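Thanks for making the time, everyone.

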Amino acid sequence: FSRGFNTSEWFYIARKNAENVIVNYNQFSRGFNTYTFNESAHTDRVPDEILSVRYEDGKWSKPYYDCGGGNIWMLTYTVPFFGFSNGTYFFKGTSGIDIDLRRVDIDQCPLPSGSTQLNIFAASDKCKKRTTECVPIPGLGFRRGSYRCQCKRGYYYPNTKATHRYYNGTVIEEEYEKLMLGEENQYNESGVFECLRCAE
């Protein structure tokens, strides 16, 4: 979609990026144009080039709540586009992509050793690190607690008859929030959300 005149930060940045691209004048996409008169008659291909933008010329917004629109949390990526008149390019507007964060998973588990992946949520899980480790659960969307805390090697889940032998990340996050608010909670209790050491 395109956006008209706007004084917001993302629009200002897009316009400044466009001005830099125009000044540098070295980012061109090249192709051919042809014009069709009817089903069988058309012109020869004519070489053409157009000033274009790269990914780096765009701008990601911070997460925001789209009040009155979708009423959902979103991210928007915006890039400038150009007009051309009298042999000169000029900033004409912006085009953007809205991303529904409900469809984006949060992975709070630590990154594997040696990983170069960018994940600002990494290692924000609340698993009790001494006896448990975090395992992400995909498909739950943009919500904290999308993981389970399973027993580390050498430890076992206290309820050996349980169907699911791990701790639910959502429950742990809720109890941790109570701790942060100074409310009564289970997170701070000794042995809770912990596994037991196996016999030697």
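**Domains, a buried glutamate and the cysteines**

Let me start with Glu 194, which sits in the loop between helix H2, residues 169-180, and strand S12, residues 196-197. Please keep in mind throughout that this is a predicted model. Is Glu 194 buried or exposed? With a relative accessible area of 12%, Glu 194 falls under the 20% cut-off and is therefore buried. Leaving aside residues up to four places away in sequence, Glu 194 touches Lys 128, Arg 130, Thr 131, Thr 132, Pro 158 and Tyr 167.

Stepping back to the chain, the domain assignment gives domain 1 as residues 9-103 and domain 2 as residues 105-199, and the C-alpha centres of these two domains lie 42 Å apart. The UniProt record, in an unreviewed entry, places a feature called "domain: GPR158/179 extracellular" at residues 59-156. That span is 0% helix and 43% strand, and the C-alpha atoms at its ends are 47 Å apart.

Now to the cysteines. How many disulfides are there? The count comes to 3, and I will go through them in turn.

Cys 109 and Cys 134 form a disulfide in which the sulfur atoms are 1.9 Å apart, and the link is left-handed, with -65° about the S-S bond. This pair links distant parts of the chain, 25 residues apart, since Cys 109 is in the loop between strand S7 (88-100) and strand S8 (132-136), while Cys 134 is in strand S8. Cys 109 has a relative accessible area of 4% and is buried, and Cys 134, with 16%, is buried as well.

Another disulfide joins Cys 127 to Cys 149, with an S to S distance of 2.0 Å, and here the link is left-handed, with -90° about the S-S bond. Cys 127 lies in the loop between S7 and S8, whereas Cys 149 lies in strand S9, residues 147-151, so that distant parts of the chain, 22 residues apart, are linked. Both Cys 127 and Cys 149 are buried.

The remaining pair to describe is Cys 151 and Cys 195, whose sulfur atoms are 2.0 Å apart in a disulfide that is left-handed, with -75° about the S-S bond. Because Cys 151 lies in strand S9 and Cys 195 in the loop between H2 and S12, the pair ties together parts that are 44 residues apart in sequence. Cys 151 counts as buried at 16% relative accessibility, and Cys 195 is buried with a relative accessible area of 4%.

Cys 198 itself is partly exposed, with a relative accessible area of 33%. Cys 67, by comparison, has a relative accessible area of 62%, which is over the 50% cut-off, and is therefore exposed.

How values were computed:
Residues numbered from 1 in each chain as written. Predicted model: local features only at pLDDT ≥ 70, side-chain atom pairs only at ≥ 80, totals over all residues. Heavy atoms only, no water. Helix = DSSP H or I, 4+ residues; strand = E, 2+ residues; numbered from the N terminus. Buried < 20%, exposed > 50% of the residue type's maximum accessible area, 1.4 Å probe, protein only. Contact = heavy atoms within 4.5 Å. UniProt positions renumbered as here; feature names shortened; annotations may be inferred. Domains from an automatic or database assignment. Disulfide = S-S within 2.5 Å.
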